[in-house]
Amino acid sequence: MNILAELRQRFLEALEPLVDDPGRLLEMILPVQDPRFGDYQANCAMPLGKERGCPPRDVASEIVERLKVEDLCEPVEIAGPGFINLRLRDDWLIEQVNQLVHDQRLGVDGVDDPDTVVIDYSSPNVAKPMHVGHIRSTVIGDALARILRFLGHQVIADNHLGDWGTQFGMIIYGYKHFVDSDRFESDTVNELSRLYRLVNDLVEYHQAVAGIDRQLEEIREREEKLEQQQLRVDEASQDEKKKQSSQLRRQQTQLEDARDRLAGARKKIDAVDEDQALATLAAEHPGVAEAVLGETARLHEGDSECRQLWEQFLPACRAEIDKIYQRLDIQFDVEHGESFYHSQLEPVVEELLANGLARMSEQAVCVFGEKYDTPMIIRKKDGAFLYATTDLATIQYRVATWQPDTLLYVVDHRQGEHFEKLFDAARRWNCPDLEMRHVSFGTVLGDDGRPFKTRSGEVVGLESLLDGAVARALEVVSENDQAKPGGAELGEQEREHIASVVGHAAIKYADLAHNRTSDYVFSYDKMMALEGNTATYMQYSYARVQSIFRRGEVDVDGLRSSFAGILLQHPAERHLALGLLQFSEALDQVLEDYRPNQLTNYLFDVAKRFSTFFQECPVLRAEDEAVRLSRLLLCDVTARVIGQGLELLGIGVVDRM
């Protein structure tokens with residue numbers, strides 16, 4: 001049972017005679033922060049009193065008179081200016097928590113009206129090894145898919161792989177000119193990745209050289225405009241000064257950005273010029289950018305040689321990515337890469353042109369929107385298609401194939417404008433009522449506050465990141481095991497298994513525990529901490545219950561099938577039981593704005609409640625057998641809730657730590 005949902009339904013019935021739109025007030029019914037004020041609190045009397053021009057306490061009294069909660073709550077109290085405090089009846093609470101003992105779903109009901117939801121997440125470029133930048137999309141998307149499924153929705157997890165386009169044009173060109181055959185045979189993916197980086201460096205070098213004069217001219221023009229704007233500020237009246245100063249700051253930012261771009265271009269040029277081998281290759285391949293576009297075009301046109309190379313490269317690339325997914329326990333229902341949609345791109349463009357949603361602009365085909373200063377290009381003047389074209393074709397395919405109610409795109413925040421334009425175009429084209437949502441997220445940072453990279457400046461590979469986490473976990477597990485009062489209990493193989501579960505969990509949980517829109521600093525030490533909101537602490541809480549069962553030689557199946565029941569005689573027992581019954585509420589909170597950290601916050605709260613219970617309520621040495629069995633059952637439900645919650649985050653548990 002979802003207690004919060006039930007209370008809000010009761011309040012809805014009480015509020016309907018008093019206000020035209022009671023729904024907006026229901027969100028003000030929440031669990032209390034301080035147990036002294038009960039279990040739940042409703043603050044809706046304050047805004048309603050203000051609207052009606054009468055004291056909120058009077059409004060609260062009117063609401064309480066109409067409120068029918070006697071079957072689950074103690075007499076309702078009105079506190080302060082009009083807070084409505086609710087405390088659940090102990091006998092009702094005992095009845096509900098005892099139902100969890102035999103409930104496989106732990107009080108979480110499936111939705112009455114399930115939606116069909118397509119979730120687009122992970123979506124790496126298969127031409128390169130996965131790196132730290134892929135972790136957030138992958139684990140957030142997987143957690144949302146698991147939670148939606150658990151609640152009864154039909155979910156299609158779609159990994160929109162980058163297996164086409166310019167990156168493969170670069171690799172094909174690199175393979176034809178620079179391949180190390182021995183390395184290609186022995187380490188295909190890393191050799192392809194090297195070729196991609198090499199060709200990309202050469203392309204960017206020539207583009208930087210060609211653009212220097214243009215960038216210098218842009219900087220000169222912006223410096224002149226800035227001087228002119230400074231004069232306007234100096235000469236402006238007091239009324240105009242604020243407006244002109246704002247314009248000055250904007251132009252200063254634009255000038256700084258232009259200087260940063262110039263500095264970046266010079267850095268790319270210097271990196272090649274100072275490397276004799278690279279400088280020689282750059283001189284030998286002055287037309288590399290055009291040649292790459294040519295290779296890309298030939299691949300798209302079905303050239304036999306390019307197609308054969310692409311088919312040769314792809315299996316090794318996919319196998320390397322699949323290794324990472326296996327380690328992270330990530331599965332997809334569909335993995336249609338960009339290549340899957342290639343034949344559909346031209347028809348999409350022609351249809352948008354035909355119905356007037358797209359038009360020619362400077363020889364390119366563009367979709368214009370009233371809200372946007374710049375259009376969304378769907379076919380360049382050279383005939384090449386773009387990501388936007390593929391994304392529109394993908395939406396068309398998903399709508400036709402699955403008739404979804406919702407499309408979720410778990411992609412980093414920098415793509416926000418792209419998705420705004422994409423959704424606007426798709427709604428005007430063929431799916432006006434489809435819910436489309438960009439589930440954006442922030443960046444993984446290093447200690448320097450910048451995107452997490454190696455000391456050499458390279459993006460951190462995801463496999464090495466996971467290896468590091470498992471190695472660190474093995475150190476922690478071994479140290480803790482050796483420090484046990486009775487001596488080490490774990491064999492080497494069991495230590496390695498625990499380290500694998502704990503290490504992978506630490507990476508996932510650390511990401512999911514942060515608000516998805518926030519950046520966070522990567523730290524192995526914080527991830528592995530046995531205290532605080534970490535996977536290790538959650539897993540330790542689960543393992544602690546299993547330790548109690550081992551020490552007490554408890555037959556868990558027999559315990560659950562016995563006539564024993566949960567009694568809730570101590571405040572810590574009641575506090576824990578209430579937390580366990582709020583599992584369903586936590587899952588609803590996740591889906592309110594697609595934030596898995598709502599579930600990690602809940603699990604952390606449950607683990608803290610269990611720790612207090614464990615300290616204050618002896619289990620195996622309880623005062624009598626009925627209390628002992630009651631507390632064992634409460635431990636069992638706690639472990640099941642933590643285990644189920646972690647499973648919904650894609651995280652495993654172990655019986656020993």
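Predicted model: local features only at pLDDT ≥ 70, side-chain atom pairs only at ≥ 80, totals over all residues.
Leaving aside residues up to four places away in sequence, Ile29 touches Leu4, Arg8, Phe11, Gln41 and Ala42.

**Around Ile29.** The residue sits in strand β1, which covers residues 29-31. Is Ile29 buried or exposed? Its relative accessibility is 0%, so Ile29 counts as buried, the cut-off for that label being under 20% relative accessible area. Ile29 and Ile84 are 55 residues apart in sequence, yet their C-alpha atoms are 9.0 Å apart in space. One of the contacts of Ile29, Ala42, leads on to Ile84 as well: Ala42 stands opposite Ile84 of β4.

**The strands β2, β3 and β4.** That Ala42–Ile84 pair belongs with the antiparallel pairing of β2 (residues 40-42) and β4 (residues 83-86), which runs over three bridges. Strand β4 also pairs with β3 (residues 77-79), again in the antiparallel sense and over three bridges. Which residue of β4 is the bridge partner of Glu77? It's Asn85. Strands β3 and β4 make a hairpin with three residues between them, and in that hairpin Gly80 takes a positive phi near 55°.

| Residue | Where | Phi |
|---|---|---|
| Gly80 | hairpin of β3 and β4 | near 55° |
| Ser122 | loop between β5 and α6 | about 70° |
| Ser123 | loop between β5 and α6 | about 50° |
| Gly650 | just after α25 | about 80° |

**The β7-β8-β9 sheet.** Further along, three strands form an open antiparallel sheet, in the order β7-β8-β9. The edges are β7 (358-361) and β9 (376-379), each of which pairs on one side only. From one strand to the next, the twist averages 45°. Helix α14 (residues 342-354) packs on this sheet and touches β7, β8 and β9, its direction making about 120° with that of β9. Looking at one of the pairings, β8 (residues 364-367) and β9 run antiparallel and are joined by three bridges. Cys366 stands opposite Ile377 of β9. In a regular strand, side chains alternate between the two faces of the sheet.

**Helix α25.** Last stop: α25, residues 625-648, which has 24 residues. From its first C-alpha to its last it reaches 35 Å, close to the 34 Å expected at 1.5 Å a residue. Is α25 enclosed or open to the outside? Of its 24 residues, 20 are buried, so α25 is largely enclosed by the rest of the structure. At the start of α25, a side-chain oxygen of Asp624 comes to within 3.1 Å of the backbone nitrogen of Ala626. Just after the helix comes Gly650, with its positive phi of about 80°.

Methods:
Residues numbered from 1 in each chain as written. Heavy atoms only, no water. Helix = DSSP H or I, 4+ residues; strand = E, 2+ residues; numbered from the N terminus. Expected span 1.5 Å × (residues − 1). Buried < 20%, exposed > 50% of the residue type's maximum accessible area, 1.4 Å probe, protein only. Polar contact = N/O pair within 3.5 Å; in protein donor to acceptor, adjacent residues only side chain to side chain. Pairing = 2+ DSSP bridges. Axes fitted to C-alpha atoms, helices over the stretch in contact; angles between N-to-C directions. Contact = heavy atoms within 4.5 Å.
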